[in-house]
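Me: I am new to this structure and would like to learn how to read it one feature at a time. Could you take me through it slowly?

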Amino acid sequence: MTLFAKRYFKSVFTRPFEWEELLRQSYLVANKSLLLVAVTGFILGLVFTLQSRPTLAEFGAVSWMPSMVSISIVREIGPVITALVCAGKIGSGMGAELGSMKVTEQIDAMEVSGTNPFKYLVVSRITATTLMLPLLIIFGDTVALLGSAIVENLKGGVSFVLYFNKVFDAITFNDLLPATIKSVFFGFVIGLVGCFKGYNCEKGTAGVGRASNSAVVYASMMLFVVDFIAVFISDIFFEI
Amino acid sequence: MEIEQSREVILEISDLKKSFGSNQVLDNFNLKLYKGENLVVMGKSGSGKSVMVKCLVGLIGADSGRITIKDKNITSLSQESLDLLRTEIGFLFQGSALYDSMTVRENLEFPLRRHKKRLQINETNEAIVLEALKSVGLAYAIDLMPSELSGGMKRRVALARALILKPSIIIYDEPTTGLDPITAKEIIALMNSIQDTYGTSALIITHDVDCARVVADRVILLIDGKNYIEGTFTELSTSTDAKVRAFFK
């Protein structure tokens, strides 16, 4: 996998650039996951607020709800949950697609036609997930906060304006920047693992299944490792 | 022999060796393809035919030996030069290998988009794609997806894709495998008509004796990774050698 990543970095900055395919993959990555991220984010915000409310009410700290929810979601829960959802959706899709292309000799056909399949298939996909995941995470966070605001509005009569004012008061640059940087790495990991597993798929339909499955498992596992490292580094530089 | 010496060699393999672990797949294999010739390489499954063609187009590296296509040694070419040389070769894969996320039109346009400028092709993509599809009798299938095509149609579209850059060499890897006898005959007829129309040289890898009988100018029998015998189809099919007879029976 390290060699695969090295090959990616070597290829990503060299000509020819597959702009058209990068654009197509970016659209597919974002478009395919949008609904899933929206639903997951909305339910996350809703459930998180509903579950936290009684405890905060016990301490008379319900007014802290927007701050607590927004910081938790923006810093940690939003990026991790969205990345896990995308690892399932995008990572497995890439593993299966490239795996089946490998098994049916489509990748060989591409190479024989004088096209570099690594650049066309792998570099464009990894770059697309790296660029799109931060946007999906920002979108997911926003929808999650909307879900939380709805609960607060219904249960506590807090207006949407007041809720989001409190959210913006609570969130600082030190919350947003590490989370955004982290999400770039999450995107890279999902694309890298999905493509690696698919591109190195074993022969046969069973190989495609294994590639797809292990893409999700390894990507999910690596997301937590990256998350741990990111939190560790953020702690040093951003005083969280 | 004199005739062979006067003809232009377009592709040559010399002393090719390839092994996977302890399994020696190709052992000093040699081959010469002359301009305008249909050369058939026959051998039973697992004899190293597909490995040989994959070495030939640089999909897998050989352990030793020399592969020359149009006087260029492919093992010493840069990636860019190899890609350019590959535009001179059309490759028909055993399983057709059509890009299943693209329509027939997009499948054919794919190599065109990449090499059109470099090869200084002035016609429109539409015209080139249609011409290639007409040559295989499938112009009506231009907007279909590969999943909507039958096995024979897929093979013909793959052939049209192999022809799209007007290559001088076509490599057929088991062109009739998996097809019913009637469709197989259609593909064989198509291979001959393509050679007549485009004047291509063809290297045909097959274990289909009927296919070899119709298309071969010359046949090489590959046994245990070596050139076992070489000659015309008639010479080989009337051979008294037990191994050759077993194959042609």
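Me: Which residue of S8(B) does Ile170(B) stand opposite?

Reply: Strands of a sheet pair through backbone hydrogen bonds, either parallel or antiparallel. In this predicted model, Ile170(B) stands opposite Ala202(B) in S8(B), and S7(B) pairs with strand S8 (residues 201-206) of chain B in the parallel sense over five bridges. Helices (H or I, at least four residues) and strands (E, at least two) are DSSP runs, numbered from the N terminus, and two strands pair if DSSP finds at least two bridges between them. Residues are numbered from 1 along each chain as its sequence is written, while chains are lettered from A and ligands numbered from 1 in the order in which they are written. Because this is a predicted model, local features need pLDDT of at least 70 and side-chain atom pairs count only at pLDDT 80 or more, whereas totals for chains, interfaces and linings use all residues.

Me: Which strand pairs with S7(B) over four bridges?

Reply: That is strand S6 (residues 89-92) of chain B, which pairs with S7(B) in the parallel sense, and within this pairing Ile89(B) stands opposite Ile169(B). S7(B) also belongs to a right-handed β-α-β unit, together with helix H7 (residues 181-198) of chain B and S8(B); a crossover is right-handed if, with the strands pointing away from the viewer, the path from the first strand over the helix to the second runs clockwise.

Me: Why is S7(B) largely enclosed by the rest of the structure?

Reply: In a regular strand the side chains alternate between the two faces of the sheet. Here five of the five residues of S7(B) are buried, so the strand is largely enclosed, where buried means that 20 or more other C-beta atoms, placed from the backbone, lie within 10 Å of a residue's own. Ile169(B), Ile171(B) and Asp173(B) lie on one side, Ile170(B) and Tyr172(B) on the other, and both faces are covered.

Me: Which residues have the most contacts inside the largest nonpolar core?

Reply: A nonpolar core is a set of buried Ala, Val, Leu, Ile, Met, Phe, Trp, Tyr and Cys residues joined through C-beta atoms within 7 Å. The largest one has 116 residues, and those with the most contacts inside it are Ile190(A), Ala160(B) and Ile171(B). A second, separate core of 14 residues includes Phe48(A), Val69(A), Ala144(A) and Leu145(A).

Me: What is the strand order of the open sheet in chain B?

Reply: The order is S2-S1-S4-S5, with antiparallel pairing, and the edge strands, each pairing on one side only, are strand S2 (23-34) and strand S5 (72-73) of chain B. Strand S1 (residues 9-20) of chain B and strand S4 (residues 64-69) of chain B pair over five bridges, with Ser14(B) opposite Arg66(B) in S4(B).

Me: How many residues of chain B are in contact with chain A?

Reply: Two residues are in contact if their C-beta atoms, placed from the backbone, lie within 7 Å; by that rule, 15 residues of chain B are in contact with 10 residues of chain A. Helix H3 (79-86) and helix H4 (104-115) of chain B each give two or more residues to this side of chain B, and the largest share, four residues, comes from H4(B).

Me: What is the secondary structure of chain A?

Reply: Chain A has eight helices and zero strands, and its C-alpha atoms fill a box of roughly 70 × 35 × 30 Å, taken along the principal axes. Of the 240 residues of chain A, 45% count as buried.

Conventions: A residue is buried if 20 or more other C-beta atoms lie within 10 Å of its own, exposed if 12 or fewer, and partly exposed in between; C-beta atoms are placed from the backbone.
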